[in-house]
Amino acid sequence: MSDFEVRAAEAGEFDAVRAVFSAAMMFEVEPNDLAQQLFEPERTLVAVDGGEFIGTTLALTRTLSVPGAVVPAAHVTGVGVRATHRRRGVLSQLMGRQLREVPEAIAVLWASEPAIYGRFGYGAAAWGTAYEVDLHRVGPPAGPIRPGELGELTADDAVKELPPILDRLQQVRPGVSDRSELRWRKHLEDKPDNRGGRTALRIVVHRDETGSVDGYAIWRGKMVWNPTGPAYEVHVEELVAPEPTAYRVLWQHLLTMDLSATLGYGYGAVDEPLLQLVQTPTALDRRVSESLWIRITDVRRALQGRRYTVPIDVVLDVTDDLIESNTGRFRLTASGSSVSCERTDDPADLTLSITELGAIYLGGRPLAEFATTGRVTEHTPGTLTQTTAAFHWPLAPVSVEVF
């Protein structure tokens, strides 16, 4: 096995980093000025063998909504190893160093291959719902709607008007990532080669009675003709509407597009309110899959950073094979906005690994789920039920983008 070096990238190595990741993921990349401006070399690790880049991983500087709060979170992406250098420990060294060095208390990622990330202490913490909707059967929302109006925005105007709506969603639902102005511009970038045969982006907004935008949808269409006539496809890329009226009006608009037969939407929550609005829920063909994976890198700070639904006083015995400082017993006490998590020598009430702690962190998975398979052990009767209730959050976590 050849020796290789793991180091931080340098400012001029953006193209080399992208080349490694695209080769590992088997897709071609084109020059992109916005992507280069978002490059954070000091947060990008590369594995180098004989002057050749053979692996990479990077952490984006962003925030993430967690139960009751918004916290800094290392958004991990760009993970890849050249096919010629697999099974040599490259990924293990990259991921291990990254997790030990990130300043944030949690790391988050989307897993292209879920079996990989459990090895590094990540837990699947959020589930996403993808919809394929039969528009001829679904029956859109009916009945009167309070005043308000729909309109369209250009990408330039959207960069100015949409950020507060996403910020508002961050305040109410876990799993939502922030976007800087530059990241918004990258998100709304609309090169023809990336449209997959669909139309240019359409950005529709709902304005309340004061004229303020309180919800938006980003979508594309695709012209399809069957022998019986038009059967266009509507592809919803993002819909953010924290206010009920805006949510209802936007979905009514999208579910009633002229000439259309199907609608696809890939970023719904498992408790997506859309189910309540339609007359025929079975026309919403749903597929549920893992979305966000959470890795806690600092137990004390991470548990203090979120809120809990009921008062709790519990001693957790945590094991972490990768970050030694996370291994040990921690007393978590919380009541309302008062939260404390400190090391303790008191006897443990519950034993679990860092993976289970990450899986329950966003409030979307019950701790008791892991007790049934022996991954959580209860030492003090009643503490499993109490802790499960405390970590649960009323709204399921959701991510509205793959980063």
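How do the residues of the lining of the second largest pocket divide into nonpolar, polar and charged? The legends below describe close-up views of a predicted model.

**View 1. Lining of the second largest pocket.** The residues of this lining divide into 11 nonpolar, five polar and five charged. The second largest pocket has a volume of about 630 Å³, and 21 residues line it. Two or more lining residues come from each of the elements α1, β4 (69-81), α3 (90-101) and α4 (114-117). Nearest the centre of the pocket lie V81, R86, R87, E113 and I116.

**View 2. The largest nonpolar core and Y361.** This core holds 43 residues, and those touching the most other members are I106, I296, L303, L332, L357, Y361 and L362. Beyond its neighbours within four places in sequence, Y361 is in contact with V66, P67, I106, I294, I296, A302, L303, G305 and R306. A second, separate core of 26 residues includes V79, M95, L109 and I323. In soluble globular proteins, nonpolar side chains tend to be buried together.

**View 3. Surroundings of T297.** T297 is found in the loop between β16 (292-296) and α10 (299-305). With a relative accessible area of 8%, T297 counts as buried, because the cut-off for that class is under 20%. Residues up to four places away in sequence aside, T297 touches L99, V102, E104, A105, I106, I323 and N326.

**View 4. The loop that carries E28.** E28 is placed in the loop between α1 (14-25) and α2 (33-38). From C-alpha to C-alpha, E28 and A142 are 45 Å apart in space, and they are 114 residues apart in sequence.

Key
Residues numbered from 1 in each chain as written. Predicted model: local features only at pLDDT ≥ 70, side-chain atom pairs only at ≥ 80, totals over all residues. Heavy atoms only, no water. Helix = DSSP H or I, 4+ residues; strand = E, 2+ residues; numbered from the N terminus. Buried < 20%, exposed > 50% of the residue type's maximum accessible area, 1.4 Å probe, protein only. Contact = heavy atoms within 4.5 Å. Core = buried A, V, L, I, M, F, W, Y, C linked by side-chain atoms within 4.5 Å. 1 Å grid on protein atoms, 1.4 Å probe; cavity = no way out; pocket = protein on both sides within 12 Å on 5 of 7 lines; lining within 4 Å. Points joined across faces, edges and corners; volume = space filled by probe spheres on them. Nonpolar A, V, L, I, M, F, W, Y, C, P; charged D, E, K, R; others polar.
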